[in-house]
Amino acid sequence: MIKLKKIQEALKSIARVAKVLSENGWAEANAGNISFNVSDAIAGEFDDSNPQKQDEDYGFSKNTSILLTSSGSRMREIAEAPEKFCGVLTFLVGKKGYLISKFGQDEFIPTSEYPSHIGIHRYLVNSERFEKAVIHSHPDELIATMHREDFNSENNINFVFKKMHSEFSMLVPDGVGYIPFTEPGSEELASQTLQKLHDHKIVFWKDHGCISIGDNLNSALDNIEIVNKISKIFLLQK
Ligand SMILES: [Zn+2]
(Lines give C-alpha, C1' and ligand atoms only; values in the text may rest on other atoms or scores of the structure.)
Protein backbone atom coordinates (compact mmCIF):
# COMPACT_ATOMS: atom_id res chain seq x y z
CA MET A 1 0.00 0.00 0.00
CA ILE A 2 1.40 3.40 -0.97
CA LYS A 3 1.12 5.89 1.87
CA LEU A 4 -0.40 9.16 0.71
CA LYS A 5 2.25 11.20 2.54
CA LYS A 6 4.98 9.68 0.35
CA ILE A 7 3.49 11.25 -2.76
CA GLN A 8 2.14 14.40 -1.12
CA GLU A 9 4.71 16.68 -2.77
CA ALA A 10 4.04 15.15 -6.20
CA LEU A 11 0.29 15.57 -5.70
CA LYS A 12 0.79 19.21 -4.72
CA SER A 13 2.80 19.78 -7.92
CA ILE A 14 0.09 18.13 -10.00
CA ALA A 15 -2.53 20.34 -8.31
CA ARG A 16 -0.52 23.50 -9.11
CA VAL A 17 -0.14 22.50 -12.78
CA ALA A 18 -3.82 21.54 -13.00
CA LYS A 19 -4.78 25.00 -11.67
CA VAL A 20 -2.65 26.77 -14.32
CA LEU A 21 -4.02 24.59 -17.12
CA SER A 22 -7.59 25.15 -15.95
CA GLU A 23 -7.25 28.91 -15.40
CA ASN A 24 -5.66 29.40 -18.83
CA GLY A 25 -8.38 27.34 -20.50
CA TRP A 26 -5.72 24.91 -21.78
CA ALA A 27 -7.64 21.85 -20.56
CA GLU A 28 -11.35 22.40 -21.21
CA ALA A 29 -13.91 20.03 -19.62
CA ASN A 30 -12.00 16.79 -18.93
CA ALA A 31 -9.18 17.46 -21.42
CA GLY A 32 -5.50 17.27 -20.57
CA ASN A 33 -3.56 14.78 -18.48
CA ILE A 34 -0.52 14.77 -16.22
CA SER A 35 1.91 12.06 -15.05
CA PHE A 36 4.98 11.98 -12.84
CA ASN A 37 7.49 9.24 -12.01
CA VAL A 38 7.26 8.74 -8.21
CA SER A 39 9.47 5.63 -7.99
CA ASP A 40 12.03 7.41 -5.77
CA ALA A 41 9.38 8.88 -3.47
CA ILE A 42 7.57 5.63 -2.75
CA ALA A 43 10.78 3.58 -2.49
CA GLY A 44 9.33 0.24 -3.58
CA GLU A 45 5.96 0.49 -1.85
CA PHE A 46 2.94 -0.43 -3.97
CA ASP A 47 -0.36 -2.23 -3.78
CA ASP A 48 0.04 -5.69 -5.31
CA SER A 49 -3.61 -6.76 -4.90
CA ASN A 50 -4.82 -5.16 -8.08
CA PRO A 51 -3.02 -6.54 -11.17
CA GLN A 52 -4.15 -5.25 -14.59
CA LYS A 53 -3.55 -6.22 -18.23
CA GLN A 54 -1.42 -9.21 -17.29
CA ASP A 55 -1.05 -10.26 -20.92
CA GLU A 56 0.93 -7.14 -21.87
CA ASP A 57 4.67 -6.74 -21.44
CA TYR A 58 5.44 -3.09 -20.75
CA GLY A 59 9.21 -3.61 -20.80
CA PHE A 60 10.47 -1.29 -18.06
CA SER A 61 14.14 -1.93 -17.25
CA LYS A 62 13.60 -1.16 -13.54
CA ASN A 63 10.64 -1.21 -11.20
CA THR A 64 8.75 2.00 -11.90
CA SER A 65 5.75 3.74 -10.36
CA ILE A 66 3.93 6.46 -12.27
CA LEU A 67 1.46 8.84 -10.64
CA LEU A 68 -1.13 9.95 -13.20
CA THR A 69 -4.50 11.59 -13.59
CA SER A 70 -7.65 9.57 -14.08
CA SER A 71 -9.82 9.19 -17.15
CA GLY A 72 -12.54 11.84 -17.33
CA SER A 73 -11.10 14.01 -14.55
CA ARG A 74 -11.31 17.80 -14.81
CA MET A 75 -8.26 19.97 -14.14
CA ARG A 76 -10.32 22.34 -11.99
CA GLU A 77 -11.24 19.38 -9.74
CA ILE A 78 -7.71 17.92 -9.73
CA ALA A 79 -6.47 21.35 -8.56
CA GLU A 80 -8.79 21.15 -5.53
CA ALA A 81 -8.31 17.48 -4.53
CA PRO A 82 -5.54 15.77 -6.55
CA GLU A 83 -5.62 12.54 -4.51
CA LYS A 84 -9.22 11.92 -5.62
CA PHE A 85 -8.34 12.06 -9.31
CA CYS A 86 -4.87 10.48 -9.42
CA GLY A 87 -3.57 6.94 -9.00
CA VAL A 88 -0.25 5.11 -9.29
CA LEU A 89 0.57 2.45 -11.88
CA THR A 90 3.52 0.24 -10.91
CA PHE A 91 5.46 -1.78 -13.48
CA LEU A 92 7.70 -4.56 -12.18
CA VAL A 93 10.68 -5.96 -14.05
CA GLY A 94 9.98 -9.49 -15.31
CA LYS A 95 6.22 -9.26 -14.68
CA LYS A 96 3.56 -8.53 -17.28
CA GLY A 97 0.84 -5.92 -16.76
CA TYR A 98 0.81 -3.34 -13.99
CA LEU A 99 -0.50 -2.77 -10.48
CA ILE A 100 -2.89 0.02 -9.56
CA SER A 101 -2.74 1.95 -6.30
CA LYS A 102 -5.63 4.31 -5.64
CA PHE A 103 -6.31 6.72 -2.82
CA GLY A 104 -9.83 6.43 -1.49
CA GLN A 105 -11.63 6.29 -4.86
CA ASP A 106 -13.94 3.33 -5.57
CA GLU A 107 -12.23 2.91 -8.91
CA PHE A 108 -9.25 4.42 -10.70
CA ILE A 109 -9.17 4.33 -14.51
CA PRO A 110 -6.03 5.90 -15.95
CA THR A 111 -6.29 8.73 -18.48
CA SER A 112 -7.22 7.65 -22.02
CA GLU A 113 -3.86 9.04 -23.19
CA TYR A 114 -2.04 6.58 -20.93
CA PRO A 115 -0.43 4.74 -23.90
CA SER A 116 1.49 7.94 -24.68
CA HIS A 117 2.33 8.63 -21.03
CA ILE A 118 3.50 5.10 -20.22
CA GLY A 119 5.46 4.79 -23.48
CA ILE A 120 7.25 8.05 -22.70
CA HIS A 121 8.06 7.05 -19.09
CA ARG A 122 9.37 3.65 -20.27
CA TYR A 123 11.62 5.39 -22.78
CA LEU A 124 12.85 7.90 -20.16
CA VAL A 125 13.53 5.19 -17.56
CA ASN A 126 15.12 2.68 -19.94
CA SER A 127 17.41 5.29 -21.50
CA GLU A 128 18.32 6.69 -18.05
CA ARG A 129 17.17 10.19 -18.85
CA PHE A 130 16.39 12.62 -16.04
CA GLU A 131 12.92 13.76 -17.05
CA LYS A 132 10.15 12.53 -14.75
CA ALA A 133 7.17 14.68 -15.71
CA VAL A 134 4.76 14.53 -18.67
CA ILE A 135 1.94 17.03 -19.36
CA HIS A 136 -0.58 16.97 -22.20
CA SER A 137 -2.81 20.02 -22.77
CA HIS A 138 -4.83 21.97 -25.36
CA PRO A 139 -3.41 25.55 -25.44
CA ASP A 140 -5.68 27.76 -27.59
CA GLU A 141 -3.19 29.85 -29.55
CA LEU A 142 -0.90 26.88 -30.13
CA ILE A 143 -3.77 24.94 -31.73
CA ALA A 144 -4.83 28.01 -33.73
CA THR A 145 -1.35 28.51 -35.22
CA MET A 146 -1.27 24.90 -36.43
CA HIS A 147 -4.32 25.63 -38.61
CA ARG A 148 -2.21 28.09 -40.64
CA GLU A 149 -0.54 26.85 -43.80
CA ASP A 150 2.88 28.14 -42.75
CA PHE A 151 2.71 25.93 -39.63
CA ASN A 152 2.37 22.61 -41.41
CA SER A 153 5.86 21.27 -40.82
CA GLU A 154 8.36 21.04 -37.99
CA ASN A 155 10.93 23.11 -39.91
CA ASN A 156 8.45 25.90 -40.60
CA ILE A 157 7.22 26.03 -37.00
CA ASN A 158 10.72 26.25 -35.57
CA PHE A 159 11.77 28.83 -38.20
CA VAL A 160 8.78 31.06 -37.43
CA PHE A 161 9.14 30.65 -33.65
CA LYS A 162 12.78 31.76 -33.81
CA LYS A 163 11.70 34.88 -35.71
CA MET A 164 8.85 35.62 -33.28
CA HIS A 165 10.86 35.53 -30.06
CA SER A 166 14.58 36.21 -29.70
CA GLU A 167 14.83 33.89 -26.68
CA PHE A 168 13.05 30.88 -28.21
CA SER A 169 16.36 29.13 -28.97
CA MET A 170 17.57 29.70 -25.42
CA LEU A 171 14.28 28.72 -23.73
CA VAL A 172 13.53 25.71 -25.94
CA PRO A 173 17.03 24.76 -27.20
CA ASP A 174 15.92 21.53 -28.89
CA GLY A 175 13.06 23.25 -30.72
CA VAL A 176 9.61 21.72 -30.99
CA GLY A 177 8.53 18.44 -32.55
CA TYR A 178 5.43 18.27 -34.78
CA ILE A 179 3.04 15.41 -35.61
CA PRO A 180 0.35 15.76 -38.31
CA PHE A 181 -3.21 14.84 -37.25
CA THR A 182 -3.27 11.40 -35.61
CA GLU A 183 -6.15 9.75 -33.72
CA PRO A 184 -6.20 10.88 -30.05
CA GLY A 185 -5.33 8.15 -27.53
CA SER A 186 -4.01 5.82 -30.27
CA GLU A 187 -0.91 3.64 -30.22
CA GLU A 188 0.10 5.41 -33.45
CA LEU A 189 0.07 8.79 -31.71
CA ALA A 190 2.02 7.30 -28.79
CA SER A 191 4.62 5.81 -31.11
CA GLN A 192 5.14 8.97 -33.18
CA THR A 193 5.34 11.10 -30.03
CA LEU A 194 8.01 8.86 -28.59
CA GLN A 195 10.16 9.21 -31.70
CA LYS A 196 9.91 12.99 -31.50
CA LEU A 197 10.85 13.07 -27.81
CA HIS A 198 14.25 11.59 -28.60
CA ASP A 199 15.22 15.07 -29.81
CA HIS A 200 12.62 17.45 -28.33
CA LYS A 201 11.07 18.24 -24.96
CA ILE A 202 7.77 19.40 -26.42
CA VAL A 203 5.79 17.95 -29.31
CA PHE A 204 2.82 19.56 -31.09
CA TRP A 205 -0.14 17.37 -32.08
CA LYS A 206 -1.95 19.01 -35.03
CA ASP A 207 -5.61 19.95 -34.38
CA HIS A 208 -5.19 18.77 -30.81
CA GLY A 209 -2.52 20.36 -28.56
CA CYS A 210 0.88 19.39 -27.25
CA ILE A 211 2.76 17.06 -24.92
CA SER A 212 5.72 18.25 -22.87
CA ILE A 213 8.33 16.56 -20.66
CA GLY A 214 10.58 17.95 -17.94
CA ASP A 215 12.78 17.02 -14.99
CA ASN A 216 9.83 18.14 -12.88
CA LEU A 217 6.28 19.30 -13.52
CA ASN A 218 7.26 22.97 -13.40
CA SER A 219 9.79 22.65 -16.20
CA ALA A 220 7.33 20.63 -18.32
CA LEU A 221 4.78 23.43 -17.80
CA ASP A 222 7.41 26.08 -18.67
CA ASN A 223 7.73 24.60 -22.17
CA ILE A 224 3.98 24.88 -22.72
CA GLU A 225 3.85 28.47 -21.44
CA ILE A 226 6.72 29.49 -23.72
CA VAL A 227 5.37 27.97 -26.94
CA ASN A 228 1.84 29.22 -26.33
CA LYS A 229 3.18 32.73 -25.64
CA ILE A 230 5.06 32.67 -28.95
CA SER A 231 1.99 31.33 -30.75
CA LYS A 232 0.01 34.24 -29.31
CA ILE A 233 2.63 36.75 -30.50
CA PHE A 234 2.50 35.19 -33.97
CA LEU A 235 -1.29 35.56 -34.13
CA LEU A 236 -1.23 39.14 -32.76
CA GLN A 237 1.20 40.44 -35.37
CA LYS A 238 -0.75 39.07 -38.37
ZN1 LIG B 1 -5.98 15.90 -25.71
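**Helix contacts**

Author: In α4, P115, S116, G119, I120 and Y123 meet α8 through E187, L189, A190, T193, L194 and L197. By class, that contact has seven nonpolar, three polar and one charged residues. Bear in mind that this is a predicted model.

Reader: At what angle do the axes of α4 and α8 cross?

Author: Roughly 35°. The axes come within 8 Å, with α4 covering residues 114–126 and α8 covering 187–197.

Reader: Is the crossing of α4 and α8 right-handed or left-handed?

Author: Right-handed.

Reader: Which residues of α4 are buried?

Author: Y114, S116, H117, I118, G119, I120, H121, L124 and V125.

Reader: And what do the buried residues of α4 pack against?

Author: Besides α8, they pack against the strands β1 (33–37), β3 (64–69), β6 (133–137) and β9 (209–214).

Reader: Zooming out. How many helices and strands does the protein have?

Author: Nine helices and nine strands. The radius of gyration is 17 Å, close to the 18 Å the globule rule gives for 238 residues, so the protein is as compact as a globular protein of that length.

Reader: How much of the protein counts as buried?

Author: 42% of the 238 residues. Among contacts with a separation of 6 or more, 71% come from residues 24 or more positions apart.

Key: Residues are numbered from 1 along each chain as its sequence is written. This is a predicted model: local features need pLDDT of at least 70, side-chain atom pairs count only at pLDDT 80 or more; totals for chains, interfaces and linings use all residues. Axes are lines fitted to C-alpha atoms, for helices over the stretch in contact, and angles run from 0 to 180 degrees between N-to-C directions. Helices (H or I, at least four residues) and strands (E, at least two) are DSSP runs, numbered from the N terminus. A crossing is left-handed if the near helix is turned anticlockwise from the far one by less than a right angle, and right-handed if clockwise. Two residues are in contact if their C-beta atoms, placed from the backbone, lie within 7 Å. Ala, Val, Leu, Ile, Met, Phe, Trp, Tyr, Cys and Pro count as nonpolar, Asp, Glu, Lys and Arg as charged, and the others, Gly among them, as polar. A residue is buried if 20 or more other C-beta atoms lie within 10 Å of its own, exposed if 12 or fewer, and partly exposed in between; C-beta atoms are placed from the backbone. The radius of gyration is taken over C-alpha atoms; the globule rule is 2.2 Å times the number of residues to the power 0.38.
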